[in-house]
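Thanks for asking me to look this one over.

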Amino acid sequence: MSRLEDELRQAMRRQDPGEDFTRRVLAALERAPESKPGWRERLTAAFRLPSLRLAMAGALAVLVVVGGAEYREMRTRAEGEAAKQQLLVAMRIAGAKVHTTQMRVLEITEQ
């Protein structure tokens, strides 16, 4: 066997950790700082606050009101555009009828 294998075998053999090993591990665990909460825990904790809930409810109410007003404005504008198109079609039809009537009047007066 090589010297390296002997050293590895010596380093890897079982050893008794000592009588106070358990006490040292438990003491280290007691001294260890508590783990910090993750971002999900912090976020859910923030939403548990009553003031934040009230603020969120207020913001939601404002969004609903503003959204409703914008929707009504959009709908009114669309109805206005539709009425404008209908008026333009009616004007074209009326213009065509007036033109046809003028042509007939001219034909009658020329005879």
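This is a predicted model: local features need pLDDT of at least 70, side-chain atom pairs count only at pLDDT 80 or more; totals for chains, interfaces and linings use all residues.

**Notes on the model**

Asp 20, Arg 23 and Arg 24 are joined in a network of salt bridges. I start there, then move on to the rest of the chain.

1. Asp 20 is partly exposed, because its relative accessibility is 32%. Arg 24 is also partly exposed, with a relative accessible area of 42%.

2. **Arg 23.** Arg 23 sits in helix H2, which covers residues 21–31. From Arg 23 to Pro 37 there are 14 residues in sequence and 28 Å in space, taken C-alpha to C-alpha.

3. **A nonpolar patch.** Phe 21, Val 25, Leu 26 and Leu 29 make up a nonpolar patch on the surface, and together they have about 360 Å² of accessible area. Leu 26, one of these residues, lies in helix H2. Leu 26 is partly exposed, since its relative accessible area is 48%.

4. **Salt bridges overall.** How many salt bridges does the structure hold? There are 5. As background, side chains of opposite charge can pair when their charged atoms come close. Two further pairs deserve a look, and they follow in the next points.

5. **Arg 3 and Glu 7.** These two residues form a salt bridge, with 3.1 Å between the closest N and O atoms. Arg 3 and Glu 7 both belong to helix H1 (residues 3–12) and are 4 residues apart, about one turn of the helix. Arg 3 is exposed because its relative accessible area is 66%, whereas Glu 7, with a relative accessible area of 43%, is partly exposed.

6. **Arg 75 and Glu 79.** Here the closest N and O atoms of the salt bridge are 3.6 Å apart. Why are the two residues separated by about one helical turn? Because Glu 79 and Arg 75 are 4 residues apart in helix H4, which runs over residues 50–110. Glu 79 is partly exposed, with a relative accessible area of 49%, and Arg 75 is partly exposed, with a relative accessible area of 47%.

7. Tyr 71 lies in helix H4 and counts as partly exposed because its relative accessibility is 48%. Tyr 71 and Ala 57 are 14 residues apart in sequence, with 21 Å between their C-alpha atoms. Glu 81 is found in helix H4 too, and Glu 81 is partly exposed, with a relative accessible area of 42%. Glu 81 and Leu 49 are 32 residues apart in sequence and 48 Å apart in space, C-alpha to C-alpha.

8. **Overall fold.** The secondary structure of the chain comes to 4 helices and 0 strands, in the order α-α-α-α from the N terminus on. The radius of gyration of the chain is 44 Å, while a compact globule of 111 residues would have one near 13 Å. The C-alpha trace spans about 135 × 55 × 10 Å along its principal axes.

9. **Burial and surface.** What share of the 111 residues counts as buried? The figure is 0%. The chain has an accessible surface of about 11,100 Å², and 62% of that surface belongs to carbon and sulfur atoms.

10. **Confidence.** The mean pLDDT of the chain is 88, and 99% of the residues score at least 70.

Note on methods: Residues are numbered from 1 along each chain as its sequence is written. Side-chain values use heavy atoms; hydrogens and water are left out. Patches are made of residues with over 30% relative accessible area and no salt bridge: like charges are joined within 9 Å, nonpolar side chains (Val, Leu, Ile, Met, Phe, Trp, Tyr) within 5 Å. Accessible areas come from the Shrake-Rupley method with a 1.4 Å probe; for residues, only the protein chains shown count as cover. A salt bridge is a side-chain nitrogen of Lys or Arg within 4 Å of a carboxyl oxygen of Asp or Glu. Buried means under 20% relative accessible area, exposed over 50%, partly exposed in between (1.4 Å probe, protein chains only). pLDDT is the predictor's confidence in each residue, from 0 to 100. The radius of gyration is taken over C-alpha atoms; the globule rule is 2.2 Å times the number of residues to the power 0.38.
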